[in-house]
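This report covers one protein model.

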Amino acid sequence: MLRTVLLLGGAALLALLIWRLGPSEILDAFGRIGWYFVPLILLGAGHHALRALALHACVLRSGLLRYRDALAIRLSGEAVQSLTFTGPLLSQPTKAWLLEGHGLTLKEGFAATITEYMICAFVA
């Protein structure tokens, strides 16, 4: 039920933003970007897919977390980071809490989340 309410709230917010900005402005922006839009989307999606793979690999007990669940947890943490003013201060604990819902202890969830975050920071 909560997911449905949040989904409808997000859809309403998106519709309001499109209405306020104007569909013509959005289409004009896409026109200026042109076909470069496709590689930009692919690079962004690849970034999230690889970070989800890193999170999946950081879970020590194998077979406990599917890649699909790791991707959903990763995107949920990013949503918290992007939509609130807390940034990584709340998004990383959210990921650990969501990992706890998949059978990990909270300590294991924090260990996996912090390890993935540090790997990304080191590589970047």
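In this predicted model, helix 3 and helix 4 cross in a right-handed sense. Helix 3 spans residues 37-58, and its axis lies 8 Å from that of helix 4, at an angle of about 115 degrees. Two packed helices are described by the angle between their axes and the distance between the axes.

On the helix 3 side, the contact is made by His47, His48, Ala49, Arg51, Ala52, Leu53, Leu55 and His56. Their partners in helix 4 are Tyr67, Ala70, Leu71, Ile73, Arg74, Leu75 and Glu78. Sorted by class, the residues of this contact comprise nine nonpolar, three polar and three charged.

Helix 4 also takes part in the largest pocket, where its nine lining residues are the most given by any element. This pocket has a volume of about 770 Å³. Its lining consists of 20 residues, and those nearest the centre are Arg3, Leu6, Ser76, Ala79 and Leu98. Two or more lining residues come from each of helix 1 (2-21), helix 4 (67-83) and helix 5 (88-100). The lining divides by class into twelve nonpolar, five polar and three charged residues. Rolling a probe the size of a water molecule over the atoms shows where empty space is left.

The table gives the relative accessibility of each.

| Residue | Relative accessibility |
|---|---|
| Leucine 90 | 39% |
| Isoleucine 33 | 33% |
| Glycine 34 | 32% |
| Leucine 104 | 5% |

Leucine 104 sits in the loop between helix 5 and helix 6, the latter covering residues 106-123. Is leucine 104 buried or exposed? Leucine 104 is classed as buried because its relative accessible area is 5%, and buried means under 20%. Leaving aside residues up to four places away in sequence, leucine 104 touches Val59, Arg61, Leu64, Leu99 and Gly109. Leucine 65 is 39 residues away from leucine 104 in sequence, and their C-alpha atoms are 8.8 Å apart in space.

Leucine 90 belongs to helix 5. Its relative accessibility is 39%, so leucine 90 counts as partly exposed. The C-alpha atoms of leucine 90 and glycine 77 are 8.3 Å apart, with a separation of 13 residues in sequence.

Isoleucine 33 is part of helix 2, which runs over residues 23-33. With a relative accessibility of 33%, isoleucine 33 is therefore partly exposed. How far apart in space are isoleucine 33 and arginine 74? Their C-alpha atoms are 28 Å apart, and the two residues are separated by 41 residues in sequence.

Glycine 34 lies in the loop that links helix 2 and helix 3. Glycine 34 counts as partly exposed because its relative accessibility is 32%. From glycine 34 to glutamine 81, the C-alpha distance is 29 Å, and the separation in sequence is 47 residues.

Definitions and conventions. Residues are numbered from 1 along each chain as its sequence is written. This is a predicted model: local features need pLDDT of at least 70, side-chain atom pairs count only at pLDDT 80 or more; totals for chains, interfaces and linings use all residues. Side-chain values use heavy atoms; hydrogens and water are left out. On a 1 Å grid over the protein atoms alone, a cavity is a set of points where a 1.4 Å probe fits but cannot get out, and a pocket is an open set with protein on both sides within 12 Å along at least five of seven lines; lining residues have an atom within 4 Å of a point. Grid points are joined across faces, edges and corners, and a volume is the space filled by probe spheres set on the points. Helices (H or I, at least four residues) and strands (E, at least two) are DSSP runs, numbered from the N terminus. Ala, Val, Leu, Ile, Met, Phe, Trp, Tyr, Cys and Pro count as nonpolar, Asp, Glu, Lys and Arg as charged, and the others, Gly among them, as polar. Buried means under 20% relative accessible area, exposed over 50%, partly exposed in between (1.4 Å probe, protein chains only). Axes are lines fitted to C-alpha atoms, for helices over the stretch in contact, and angles run from 0 to 180 degrees between N-to-C directions. A crossing is left-handed if the near helix is turned anticlockwise from the far one by less than a right angle, and right-handed if clockwise. Contact means heavy atoms within 4.5 Å.
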